[in-house]
Structures are given as C-alpha cells and as structure tokens.
There are 2 protein chains.
Amino acid sequence: MDVKIRVATKGDCKDISRLIMDLAVHDKMSDQVKLSCDELQRDGFSQNPLFECLVAEIADENKSKEGFTIIGYALYFYIYCTWKGRSMYLEDLYVMPEFRGFGIGKSLLSNIAQVAKEKQCARLHLIVLNWNSHSLDFYTARGAQDLTVKEGWHLVHFDGQSLDHLANETQQIRKCVSGEDKVV
Amino acid sequence: MDVKIRVATKGDCKDISRLIMDLAVHDKMSDQVKLSCDELQRDGFSQNPLFECLVAEIADENKSKEGFTIIGYALYFYIYCTWKGRSMYLEDLYVMPEFRGFGIGKSLLSNIAQVAKEKQCARLHLIVLNWNSHSLDFYTARGAQDLTVKEGWHLVHFDGQSLDHLANETQQIRKCVSGEDKVV
C-alpha cells in the first residue's frame with residue numbers, strides 16, 4: 001500500500017480532529033476531548049503554532065470503509081529539559097485500526113525522530129497508559145525506556161478548580177510572605 | 001523574611017544553573033545534568049525562548065550560608081494537549097533546604113498557576129519521583145492529581161542511541177512502505 005507521510009496543513013484539521021477523537025475512544029477517555037476543529041486550526045496553523053503534526057495519507061483507491069484517506073497522524077511539540085536541553089514531546093501517534101500492520105505507525109515514529117534530530121532535540125518523550133501493552137511494546141521494542149518503571153516518575157497535574165484555586169492563592173500569600181510590592 | 005518572586009533575567013543564569021544542579025543532586029540524578037550555564041542563557045534568554053523562569057530572591061542581609069540571594073526557582077514552558085488545548089508544564093520547582101518552611105515554594109507555585117491562567121492554559125502538568133513523598137504531598141495537598149496512579153500514565157522516552165536508531169530507520173522504511181518519493 002502506498003502511504004505518504006507528510007507535514008499536516010490547515011486543511012487536514014477536520015481529519016486530525018476525527019483521529020484525535022478515535023484515539024481518545026481507544027484510550028477510553030473520549031469524554032475528556034474538549035477541543036474543536038477550529039481551535040486546532042488556530043493553535044497549530046497560525047503564527048507561533050503550539051504544535052506540529054505529520055499525517056499518513058493513502059491513495060483514494062485504498063480509502064477507508066468510511067471514505068477517509070488521512071488514516072494516521074503524529075502530533076508533537078518542543079519541550080525543555082534542564083538536564084539535557086531542547087527535547088521533543090510526542091503528544092499523539094495514531095493509525096486507524098484497519099490500516100495497522102503495514103508499518104505506518106513505525107514510519108510516523110521514525111519520521112518524528114528524524115525531525116527531533118534535525119531540531120537538535122536530545123530526547124523524545126511521550127506518555128502511554130499502562131494497560132495499553134500494545135503501545136508500550138511498540139515503543140520499548142524500538143529502544144524506548146519506561147521511566148515510570150525504571151526511575152519512578154509519576155505524572156501529576158492541576159486543572160479546572162485546582163488550578164484556579166492555586167492561582168488565587170497568590171493574593172493570600174502576598175499578605176503572608178512579604179510586603180505587597182515584593183511578590184509579582 | 002522578605003522574599004521577592006520575580007521573572008528571571010539572563011543575569012540569573014549562573015544562579016539558576018547552580019539550583020538546577022542542587023535539585024538534580026536532591027533527585028539523586030546529578031550525573032544526568034549536561035546543560036551549561038551558557039546553553040541555559042542561549043535557550044531561555046534569546047529570541048523565541050524555549051522556557052520561562054521565575055526566581056525567589058531574598059535581601060542581602062538574609063543571604064544563604066554560601067552567600068546566595070537567589071534561593072529558589074520555578075522553570076516552565078507551554079505544551080499542547082489535544083484534548084484540552086494549550087497547557088503549561090512545570091519542569092522544575094526548587095527552594096534551597098535552608099529556606100524551606102517559609103511558604104516560598106507555595107508562592108512560586110501559585111505565581112506559576114497565575115501565569116498559566118493568564119496565558120489561558122487549561123492544565124498545569126509536572127512529573128514527580130514516586131519516592132519523593134514530600135513533593136508528592138506538596139502538590140496533592142493543593143489539589144493536584146497523580147495521573148500515574150489514577151489513570152495509569154507512564155512516562156516513556158527515547159534518547160541517545162535509541163533516538164538515533166529510530167531516526168535512521170526512515171531510510172529503511174522508505175524502501176519498504178512505499179515509493180521513495182512518497183515518504184517525507
């Protein structure tokens with residue numbers, strides 16, 4: 001099967017949105033997707049984009065059951081590690097189930113690694129759900145290290161109310177820690 | 001004690017480098033720090049900086065045993081979540097041991113959250129070592145969720161040889177998956 005891996009354009013956002021939702025359904029977390037196609041366009045395809053994306057495209061004659069030709073994507077951005085410097089973070093890598101087994105995921109990942117090297121990234125990070133042994137095996141078979149197992153790193157986050165609460169604490173702390181003008 | 005939380009400048013890099021090493025020693029991973037002060041200056045304080053940083057500064061009369069007045073820092077950057085959009089990642093938050101217990105870490109964290117809200121970030125992510133119960137407690141007491149425990153997320157990475165190997169696979173895949181001109 002002919003597969004073209006190419007840089008995503010603004011016109012691909014509808015397909016990328018669809019694939020983001022497919023992946024969230026696969027991860028059993030579809031209720032968490034709050035991002036619209038318009039937001040994705042604005043965030044990735046205007047000045048100072050917040051991410052970059054590659055898509056896997058097949059010829060029209062091989063299109064999916066539902067008629068799609070964009071059948072996979074890899075979305076990534078640059079992060080910073082105070083130990084090693086500029087690094088890359090692979091947010092999503094996904095290939096539609098009916099197109100698996102052709103090496104398309106492998107090809108997306110390898111292309112991502114090539115971009116990482118070109119951009120002088122020391123590391124490529126990603127997160128995987130521990131029950132998703134298929135994905136974990138996919139990465140570790142290619143030399144990835146599970147840093148949660150190896151070193152004990154846990155992913156922690158604030159969102160919604162907890163983030164609001166934290167931000168609002170500044171006012172309170174200003175009164176406690178020091179003079180009002182001393183805390184930004 | 002008077003503490004000023006302010007945006008870091010290029011001139012703070014020597015102190016930030018020192019604190020990065022202190023934190024790595026605390027995390028028992030000092031051998032992993034490969035970043036020089038010059039690289040930190042270049043990456044954070046030139047055009048298109050790769051990170052932002054706040055520092056905690058005290059008055060000269062309260063300086064540390066070794067004579068330092070920059071006694072804590074929080075280094076962060078922006079990431080992207082395909083479920084929620086723009087988010088913030090807190091790479092490091094550190095206060096020198098002799099200045100703990102004054103609410104300085106709390107103040108740094110709260111200021112970070114405020115920047116996150118101002119920049120329309122939906123989430124604030126960070127990673128913590130599972131044996132570091134002091135840090136884990138510090139964050140969870142403020143409403144953070146441990147997503148490794150709650151949802152099973154594992155941090156995975158490629159670096160060094162495994163990243164090189166991955167990048168070099170493209171050439172090979174080009175021959176297998178499709179015509180040379182079809183894969184970027």
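**A note on strand β4 of chain A**

1. Let's start with one pair of residues: Tyr89(A) stands opposite His125(A) in β5(A). This belongs to the contact between β4(A) and strand β5 (residues 123-129) of chain A, where two bridges join the strands and the two run parallel. Please keep in mind that this is a predicted model.

2. Now to the other partner of β4(A). Strand β3 (residues 70-81) of chain A is joined to β4(A) by ten bridges, and the two run antiparallel. Here Ile79(A) stands opposite Ser87(A) in β4(A).

3. Together, β4(A), helix α3 (residues 104-118) of chain A and β5(A) make a right-handed β-α-β unit.

4. Why is strand β4 of chain A described as largely enclosed by the rest of the structure? The strand covers residues 85-95, and ten of its eleven residues are buried, so the rest of the structure largely encloses it.

5. A word on confidence. Chain A has a mean pLDDT of 91, with 92% of its residues at 70 or more. Where pLDDT is low, the predicted coordinates should not be read in detail.

6. For the complex, the predictor gives an ipTM of 0.89 and a pTM of 0.90.

Key: Residues numbered from 1 in each chain as written. Chains lettered and ligands numbered in written order. Predicted model: local features only at pLDDT ≥ 70, side-chain atom pairs only at ≥ 80, totals over all residues. Heavy atoms only, no water. Buried < 20%, exposed > 50% of the residue type's maximum accessible area, 1.4 Å probe, protein only. Helix = DSSP H or I, 4+ residues; strand = E, 2+ residues; numbered from the N terminus. Pairing = 2+ DSSP bridges. Right-handed = clockwise from strand over helix to strand, strands pointing away. pLDDT = per-residue confidence, 0-100.
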